[in-house]
Amino acid sequence: MKKTILVIGANGQLGTVLTQSLQLKYGKENIVASDLRPRENYDGIFEILDATDVRALEKVVLKYHIGEIYHLAAILSANGEKDPLHTWGVNMKALLNVLEVSRHNGMDKVFFPSTIAVFGEGASQENTCNNEPLHPLTSYGISKVAGENWGLYYFSKYGLDVRSLRYPGVIGYQSNAGGGTTDYAVEIFHSAVLEKPFTCFLDGKTTLPMIFIDDAIRATLELMDAPKESIKVRTSYNISGISFSPEEVVSSIRKIYPNFEVNYVPDHRQDIASKWPKTINDKEAKQDWGWRPEYDMEKITNVMVYKLKERYNVVSK
Ligand code: AKB
C-alpha cells in the first residue's frame, strides 16, 4: 500500500534512523522528513518545520497528502528541567497541533513516543507495569503523561488511530543523544572507542531500562503495522530491552578496552534517574502485538564499538 508519511523531529536520535527505515520500507518518494533545521546530506524529501506552528504543519500535510505522522519532536528530561514551563509549552503545543491537524485531515495513523519518564512517585521501580500510577517529577514526564491521555482522548472521541510506545533510554551509534538522562549510555561508547577517560554523570549503581536502536525502531514499525483491533492500550505501551547500570556497561566495554577509565560524578540528572524504573514489565506489548527484544549487553557493546570505530576511522590495534 502506498502512503505518504511525515516524520517530525527527523534529525533526532530516533528520527535519523526511523526515516531511513521508513524510506527502505515505503520508498524515498513517500517519506517526508522534517525538523527545525535542515539535515546535511539528507537523501530524500526534507521540510524545515516547527510543529508548534499549526499553519506550517497543516501546509506540509496538505502539500504531500500525508496519511501517517510520526511525531518525535520533544524537549527531553534533563534539558527540560532548565525551563520546565517552556518544556511543557513546546511539548504540548506540538502534540496538540499534530492531533488536531490529523483529525481534520483524515490521517490514517499517528505515532507519539512516550517514555519511562512517565513513572515517578508511587510507581514500583522493579518490573514496572503498564498501569502503574503515573506521577512523574520532570516537566518532560508530565508532558508525556498528558500526551498519552490526549492520544487516548483523540482515539476515543474522534476515532483517530494514535499509537504510542514508552521508550527506555535508546542506545545508538548513528547520531548523538541530546538532553536526556540516559545519554551517558551512548556517550560512554564514544569515549571508549576514542580511548579517552569518561566522566559519568550518574552513580555507578544506577540501573535504568535501555534499548538498542535497532530494537527501538523495530518495535515502532511493528506497533504501527499491527492490526488496529490488536492495539488494546491506547495510552502507551511499556517496552523493555535490557536494564543495566553504568558499572555493568563499563565491565562489558572493558572486555574490549581493559584499560578504559571511568569516574563517577553524579549531577542533577542523578535525581531524575533515581525516580525512574529499573526494570520494565512489557507483558501487554508482548501479548497484543508480539514484541520481543533482540539485543543484550554483549551484542549492544559489540555493535556500538564496531560501528563507532568505523565512524571515527579508528584502526584496530
Ligand atoms: C531521557 O533520558 O530523557 C530520554 C527518555 C528515557 O525518555 N532518553
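The model is predicted, so local features need pLDDT of at least 70 and side-chain atom pairs count only at pLDDT 80 or more, while totals for chains, interfaces and linings use all residues. Residues are numbered from 1 along each chain as its sequence is written, and side-chain values use heavy atoms, with hydrogens and water left out.

**Helix α2**

Select residues 54-63, which form helix α2; helices here are DSSP runs of H or I with at least four residues, strands are runs of E with at least two, and both are numbered from the N terminus. Leu57, Val60 and Val61 are buried in this helix, where buried means under 20% relative accessible area, exposed over 50% and partly exposed in between, with a 1.4 Å probe and protein chains only. Then show β1 (5-8), β2 (31-35), β3 (45-48), β4 (68-71) and α4, against which the buried residues of α2 pack, contact being heavy atoms within 4.5 Å. Just after α2, His65 has a positive phi of about 50°.

**Charged pairs**

The whole structure holds 13 salt bridges, each a side-chain nitrogen of Lys or Arg within 4 Å of a carboxyl oxygen of Asp or Glu. Select Arg103 and Glu100, whose side chains form one of them at 2.9 Å, N to O; the two are three residues apart in helix α4 (residues 84-104), and therefore separated by about one helical turn.

Next select Asp215 and Arg218 in helix α7 (residues 213-225), again three residues apart, and joined by a salt bridge of 2.9 Å, N to O. Asp215 is buried, at 0% relative accessibility. Glu294 lies in the loop between α10 (283-289) and α11 (297-312), so its pairing with Arg218 ties together parts that are 76 residues apart in sequence. Through shared partners, salt bridges join Asp215, Arg218, Glu222 and Glu294 into one network.

**Last stop**

Finally, select Tyr153 in helix α5 (residues 139-158), which is partly exposed, with a relative accessible area of 36%.
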